[in-house]
Amino acid sequence: MRPTRATAILLWVILIALAALVAARARYTADLSAFLPRSPSPAQRLLVQQLREGIASRLILAGIEGATPADRARASLELGRRLRATGLFVSVSNGEPVGLDRDRAVLFGNRYLLSPQVTAERFSVAGLHAALSDSIDLLASPAGLLAKSLLPRDPTGEMLAVLDELGEDHRPASTNGAWTSRDGQRALLVAQTRAAGSDTDGQELAVRTIRREFGSTPGSRGLRLEMSGPGVFSVAARATIKHEVLRLSILSTVLILLLLLIVYRSPRAVLLGFIPVASGALAGVAAVALGFGLVHGITLGFGVTLIGESVDYSIYLFIQSRHNPGGSRQQLGGGSRQQLGDSSWQRNLWPTIRLGVLTSIAGFASLLPSGFPGLAQLGLYSIAGLVTAALVTRWVLPELLPQNLHIRDTTPLGVAAAKALRRLHAPRLWLILVPILSGVVLYLHRDTVWNRELTALSPVSAHDQALDSRLRSDLGAPDPRYLIVVSGHDQESALQSAERVGRRLDPLAQDGSIDGYDSPTRYLPSQATQRARQAAIPATTELRERLQQALVGLPLRAERLEPFLQDAEAARTQALLTHDTLAGTSLATGVDALLLRDGERWSALLPLRVSDAFASAISRVQSTVSEAAPGDAVVLDIKGEADRLYSSYLSEVVRLSMAGFVAILVLLIAALRSVTRTVRVVAPLVLAVLTVAAGLVLLGHQLTILHLIGMLLIVAVGSNYALFFDRRSAEGHAGAVALTLASLLLANAATVVGFGVLAFSTVPVLSAMGSTVAPGALLALIFAALLAGDLPDTARA
Amino acid sequence: MAAEARALRWWAMGLAILLVFTSQASLASDELDRVMAALAQRKHGHVTFTERKFIALLERPVESSGELLYDAPDRLEKRTLKPRAESLVLQAGVVSARRGRRTYVLDLHQYPQILPFIESIRATLAGDRVALERVFQLEFSGSFSDWTLELAPHDAQLAGTVRQIRIAGGQDRVHTVEIREADGDRSVLSIGTELSP
C-alpha cells in the first residue's frame, strides 16, 4: 500500500528528528577502540586492557630541545614542578628527586618484610656471621659512610638488599639535574596521567596542560617541546579526524553541489537532491550510535564518502524520469528543460535502483559480523545511510518537488557520451588484456601485496612514530614486548603465583637467558611471604644469643647492635605491608602498574627484559612459567599478539568480502533470473577491482583492510551502473539511452568527487578508502558501458 | 630510590675528597704555588693504594686496597680490589659506581653540596687556587719536598660531615690523605707504588 503524501512526509520528519536527537546525544571517540576486537580471546583481552588503561597507555614522553643544556634543564625542572602541582599526573619524572624521603622511610620501616634475603638460614648463627662480615666489608668501601650510619639498626644489610631489588637499571643520564637524551640534545620528561589512555578527553586535558605550562614557563622561549605517547597520539588523531571530516565533507559537498548546479542549472533542484543525502547521513550516525553506543571518528570520515553515493539516487530520479512515457512534462525554452516529479519513474526506474541498493546492502551487511568494531560500524552506517537515502528518494522526495521545478535537459551530454563509447566499442577485445595484465602485476608482487602489521591502521603519522621511538630509546624505555601475566581469584593468590613464577625466572636471569624481569611482588610481597619472613626472625633472647656467637672473630661488639635487636623484634609483629601502607610512594606506582583487577580476577604483570638476540629464550620462559603456575600464567607477546590480531582481521575481512560478493551474486541471479545477465553485471565490477588493485600495487602501496573494504565498495557502487546498462540491454529499449548515460555520468562524477576528496586525507585509513574507490567507481562505469552490448543509436532517442 | 641516591652521594663525596689530593691544588705560599704547579704538570697517574678506616663502631680498623688512576683533566678512577671488587669513576662531572653486578650513575649537579668539591678540584687541576679556596680554608705547612695541606670546608653543612682533609706529600707526589669526619671517625689513604704509566 502506498502511503499517502502526508504520511510519508510526516513519518520522514519524525524519523529525521529522532535521528538528529540520537546523533546529537551520541558519544564520539577517536581512540584505538575502533581497532580493538569486540569479542577478544583472554590474551587479547589483556592486550586490550593494557592498550586502553595500562600504565604504558598513560605515559606522556616529552623532549625539550633548543638553546643550551642549562636552559633546557631549568625549563624541564620548572615544568616538572608545575605539572606536579596540577594534580593531573600520578607522577612526573625528569630527574628531580621527588618524594624520596618518604620512599626511603617506607622501605626502611618494612625492610624485613621486603627483603628477599630474610630467611631462617640468614638468622642462623652462620648466616648472621656471613651477613655481618659482608656489612663490615662494606664499611671499607666508598659506600662505607652510608653503611656506617645504617649498621647499628641494619647490620645484615637488608636495606641495601631491598634497594638492589628495586633498583632501576635503565634510568636516563642527567645533566644539570634533569634527565637528558644520550646525545645530550634534549631534556627528557615522563609524565604518567591519572586519566586512562582510553579517556581521550582526560588525555587531551593533560596534553593541553603540559603545553600551557611549558609555554608559560619562564625561559621556555627559544625552546621546543615535543611530546609523544599513546594519549598524545589519540588526542592528535581525534583532532585530525575531526578537522578532516569537517573539511572533507564541506569540500566534497561544495564540489558535488557545484557539479549538480552546472548540470541542473537549478539551485532548487540541487538543494532538493541533497535531502536524501542529509537524511541518510543522519540516519547512519543514529543507527551506529544506537547499535554501538559510541560513534568512532573514522566512521564519520567514512560518512563523507556516502555523500557521493547517496546523491546518485536523486540524480537518477531527476534525470531519468524525463523519458518515461506518460510523464507529465513541461517544456521550457524550446525543450531544453524538463519537469520533475514524475510518478511513472517509480514504476520503471525504481526497481533497478532498488536492486542496486539491495546489492550495496548485501555487500555492507557482510561487514556487520566483523570482530573489528570499526568495520562493523562502517557496515551499519552504510546500510542505514543508503537505505534511508533510497527510501527518501522514492517516497518523500517526489512529494516535495514543486510543480514548476525544472532542470536542464541532459540529453546532449548523454549523446556525446554514447558517441565516445561507440568509438571504444569496436576494439572491445582489448578488454581481455585488463584481467591478464592486472593478474600478472598482482602475481609478481604477491609477497608484498598485503601489509600485515597493525600499524598499517594506525592514524599516527610516520613522523610521529619516529619521534616516539626516538624519545623511547632516549629514555631507555622500549615498549615491553613480552609480558608474563599471572592471574588469581584474588590479590593474594595472584601475588603468590607471581612469586612462584619469579623464583623460576631468577635462574634464567642469572644465566643470562633473559636480562631480567619486574614483578609487583618486589613492591608488595604476598601476605604469605611477608608472614614467612616474619617467622624467620627469632625472638629477641634467641637472636641476642645467636648474635653473640655470630660476632666471634668480628671487630664488632654486640652492645652496638641493640637497635637491631629492637627493630628485628618489632618486625616480627609489625603490621603486614598492604597497598595502603604504600600510598603516596613510588612503590605504589609500581604496584598499580603491575597488579590489575579485572572483575573478579586479579592479574600480576611481570614484564620481561629480553634483548632481541635472545628472543629464542622466550620458549624456555614459556615452559618455565607454565610449570611454575599451571593454568594461571601466560607469556604475552604484545607486538606478536597485536599483529596476530590484525592478521585475523585481515583474513576475516577477506572471508567476509567473499561472502558479501557471493551474496551479491545470489541476489543478482535471483533478481535478474539469468546467469548471463548476472555475469554481464558482475564482470565490469571484477575488472574494475582487479585494475585498481594492480594500480595501487604498481604505485607502491601495500594493501590494508581498508583497501579491501574499498574494493567491496567498488562492487556495491558499480553494481548500480552495471544494472542500468543491463536494464537497457535486456529491454532493448533505446529511447532513454542518452539520459541513462547522462545520469550515470553525473552519478559517477559525484561518487568520484566524494571519494576522490577522501584520497587526499592525511588519515591513512580514509585516504586508503578514497584512493581505491574513486578510480574504481570510474572504471566500473567505463567497463560496464563497454560490456553492455551494442548501444542503440542515440540519434533515435 | 632515596637511600640509593644517598649511597651515591657518599661515594661521590669520597671521590671528591679523593680528587682533592690526587689533583693537588694551589697552596698557601710560594711553596704551595710550586707544589701546585708541579702537580698540574702531571697528566697521568696510576698508583696502588691502601685505605684504613677507623670507625668507633668497630674495635679495629677496616682495610681496603686497590688502584687509583688519573687522567688530566677530569677523569679519576678508584678501583678497589680488596676486600671486594668495586670501582668508582668520575668523568666529566658524572660519577658511576660499580659494585657486584650493578652500576650506579650520578650526576653531580643534582647534589649541590658535592658540586663545589668537584668544581674546585677541576679548577685546581688547571692550577686555579682561587677555586679551591672558594670551598676550603687552606693551610699549608712544610716545604716543597715534604709538605702538608689541610683543607677545612667553609660550608657548615659540609663541615657537618667532613671536618678536615689532610694531605701530605713531597714535590709532585701525594703520600697520604687523611679524612676526619665530624663524628670522630677517620680514614687514612696511603698511596703506594707507581704502576705502569
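Predicted model: local features only at pLDDT ≥ 70, side-chain atom pairs only at ≥ 80, totals over all residues.

Residues are numbered from 1 along each chain as its sequence is written, and chains are lettered from A and ligands numbered from 1 in the order in which they are written.

**The two chains**

Helices (H or I, at least four residues) and strands (E, at least two) are DSSP runs, numbered from the N terminus. A residue is buried if 20 or more other C-beta atoms lie within 10 Å of its own, exposed if 12 or fewer, and partly exposed in between, with C-beta atoms placed from the backbone.

| Chain | Helices and strands | Length | Buried |
|---|---|---|---|
| Chain B | five helices, eleven strands | 197 residues | 40% of residues |

**A helix pair in chain A**

Back to our crossing: the axes of helix 17 (residues 433-444) and helix 26 (residues 675-698) of chain A come within 9 Å and cross at roughly 40 degrees. Axes here are lines fitted to C-alpha atoms, for helices over the stretch in contact, and angles run from 0 to 180 degrees between N-to-C directions. That angle makes helix 17 of chain A oblique to helix 26 of chain A, since angles under 35 degrees count as roughly parallel, over 145 as roughly antiparallel, 65 to 115 as roughly perpendicular and the rest as oblique.

**The nonpolar core**

A nonpolar core is a set of buried Ala, Val, Leu, Ile, Met, Phe, Trp, Tyr and Cys residues joined through C-beta atoms within 7 Å. The largest one has 169 residues, and Ile60(A), Ile714(A), Ala777(A) and Ala780(A) have the most contacts inside it. Apart from it lies another core of 70 residues, including Leu51(A) and Tyr523(A).

**Strands in chain B**

Two strands pair if DSSP finds at least two bridges between them. Strand 2 (residues 62-71) and strand 3 (residues 75-82) of chain B pair in the antiparallel sense over seven bridges, with Leu69(B) opposite Glu77(B). Strand 3 of chain B also runs antiparallel to strand 4 (residues 86-91) of chain B, joined by six bridges.
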